[in-house]
Amino acid sequence: MSWASKLANPYRIEHGKKFRLADYDPADTGDLRSKEHAIELLQKGVAHLAELQDKLYAQDRWALLLIFQAMDAAGKDGVIKHVMSGVNPQGCQVYSFKVPSSEELDHDYLWRTFRCMPERGRIGIFNRSYYEEVLVVRIHSELLQNERIPSSLVSKNIWEDRFQDMHDFERYLARNGVVVRKFFLDVSKKEQKKRFLARLDEPEKNWKFSLADLHERHYWDDYMQAYEDMIRNTASKHAPWYVVPADNKWFTRLVVAAAVVDALEDLKLAYPSIGPEKRKQLRAGRAALLRQK
């Protein structure tokens with residue numbers, strides 16, 4: 001088992017039937033007790049990820065989709081920034097999904113994310129995703145009404161139906177060469193409060209604070225239940241969830257990096273092989289260059 005697998009697997013959920021969010025500690029740091037050691041490992045992981053991404057891009061067969069979900073201030077932006085810091089920007093696409101536009105509301109809820117799926121050879125990153133449809137939309141019923149779905153289709157089973165749709169959609173992606181890895185950054189309510197206060201007290205972080213984020217804290221228990229149901233019903237072997245402890249940012253980033261490296265290593269990536277005709281062209285090109293002054 002590689003270092004990446006050893007680090008990421010304890011937080012990987014493939015079969016969600018018995019999943020309980022309470023079994024996971026947001027402050028967990030595994031066997032690591034040193035922030036400095038974690039940063040050193042992260043640097044090595046980022047370098048390895050850059051090598052794997054280069055092969056992914058060159059091979060042009062697989063795509064990798066990374067989905068991030070979390071409560072506010074869990075560190076999604078920081079994870080994306082640090083883990084992907086070494087990759088070639090040409091091979092990486094990042095999308096943030098916020099409040100749906102009027103155009104998006106005129107389509108089915110998967111439409112806006114489906115348009116942003118990564119191309120072959122690329123890594124796509126969703127900062128929030130279609131999973132908002134079983135999280136914030138479930139907590140705030142008026143958002144479901146805004147989607148203008150025919151009333152006959154809004155039944156008591158709508159969330160189970162959406163879980164099934166998402167599961168089937170991810171199986172479709174997997175069957176077409178899109179590897180899906182999903183991350184729930186599990187921050188505690190206490191740590192979120194600490195980070196919100198930092199946003200209020202430190203001038204360089206003031207821009208991050210929103211009263212809307214504070215309002216959502218009132219629904220904390222509802223959100224935790226929604227996240228648990230989401231993971232329980234949509235975790236699968238072809239699209240696993242990682243419940244990543246998020247109270248210590250240095251550990252969060254390391255676990256995500258390990259999971260991404262592990263996913264790419266499983267693909268047995270390699271640079272495209274060169275056939276006889278191509279080699280002949282390369283020799284001819286070299287000879288032509290050497291003849292030039």
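**Helix α9 and its cover**

I looked up what covers the buried residues of α9, and the cover includes α10 (211-216), α11 (220-234) and α12 (249-265). I took helices (H or I, at least four residues) and strands (E, at least two) as DSSP runs, numbered from the N terminus. The model is a predicted one, in which local features need pLDDT of at least 70 and side-chain atom pairs count only at pLDDT 80 or more, while totals for chains, interfaces and linings use all residues. Residues are numbered from 1 along each chain as its sequence is written, and side-chain values use heavy atoms, with hydrogens and water left out.

I then listed the buried residues of α9, which are Glu-191, Gln-192, Arg-195, Phe-196, Ala-198 and Arg-199. Buried means under 20% relative accessible area, exposed over 50%, and partly exposed in between (1.4 Å probe, protein chains only). Seen down the axis of α9, these buried residues fall within an arc of 155°, so they line one face of the helix. The arc is that of the directions from the helix axis to the C-beta atoms. On the other side of α9, I found Lys-190, Lys-194 and Asp-201 exposed.

**Phe-183**

I located Phe-183 in strand β5 (residues 178-186). Its relative accessible area is 0%, so Phe-183 is buried. Leaving out residues up to four places away in sequence, I noted that Phe-183 touches several residues, among them Leu-66, Phe-68, Trp-241, Tyr-242 and Val-260; contact means heavy atoms within 4.5 Å. I also looked up Arg-12, which is 171 residues from Phe-183 in sequence but 9.1 Å away in space, C-alpha to C-alpha.

**Two positive phi angles**

Most residues other than glycine have a negative phi. I found that Ala-73, not a glycine, has a positive phi of about 70°. Ala-73 lies in the loop between β2 (63-70) and α3 (76-83), and counts as buried at 10% relative accessibility. Arg-128 likewise has a positive phi, near 75°. I placed Arg-128 in the loop between β4 (123-127) and α6 (136-139), and at 17% relative accessibility Arg-128 counts as buried.

**Helices α8 and α11**

I recorded that α8 (residues 158-175) and α11 pack at an angle of about 45°, with their axes 9 Å apart. Axes are lines fitted to C-alpha atoms, for helices over the stretch in contact, and angles run from 0 to 180 degrees between N-to-C directions. That angle makes α8 oblique to α11 (under 35 degrees is roughly parallel, over 145 roughly antiparallel, 65 to 115 roughly perpendicular, and the rest oblique). The contact is made by Phe-163, Met-166 and Glu-170 of α8 and Asp-229, Met-230, Asn-233 and Thr-234 of α11.
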